[in-house]
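Subject: Structure handover

Hello,

Here is the structure I said I would pass on. My notes on what was found follow below.

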Amino acid sequence: MIKKTKMEEENARLKKALSKANKENKKLAQRLEKAKAQTGQLRKELKKNDVRKVGLTKEPKQLLWNRSKDMNIPN
């Protein structure tokens, strides 16, 4: 009878630990999904901001500047 009671107590303790672990697992899964969504959004934003820059040498820059005085080409 004493062994049975100890086994029941042990089972109850293990069930409680399992329940706690399952709750923690759900919380971590939610945090992971949120992080994945945020990462995806940041990647999309990064792709939007990804612009190819073209460097011009002195001669093509001068030719462009002569063709259009309105064009603002930084030195």
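What percentage of the 75 residues in the chain do buried residues make up? The figure is 0%, where buried means under 20% relative accessible area, exposed means over 50%, and partly exposed lies in between (1.4 Å probe, protein chains only).

This is a predicted model, in which local features need pLDDT of at least 70 and side-chain atom pairs count only at pLDDT 80 or more, while totals for chains, interfaces and linings use all residues. Residues are numbered from 1 along each chain as its sequence is written, and side-chain values use heavy atoms, with hydrogens and water left out.

The chain has two helices and zero strands; these are DSSP runs numbered from the N terminus (helices: H or I, at least four residues; strands: E, at least two).

Side chains of opposite charge can pair when their charged atoms come close. One salt bridge turns up in the whole structure, meaning a side-chain nitrogen of Lys or Arg within 4 Å of a carboxyl oxygen of Asp or Glu. R13 pairs with E10, with 2.5 Å between the closest N and O atoms. Both residues lie in helix α1 (residues 2-49), three residues apart, about one turn of the helix. R13 counts as partly exposed because its relative accessibility is 47%, and E10 does so at 36%.

L56 sits in the loop between α1 and α2 (58-67). With a relative accessible area of 37%, L56 is partly exposed.

Regards
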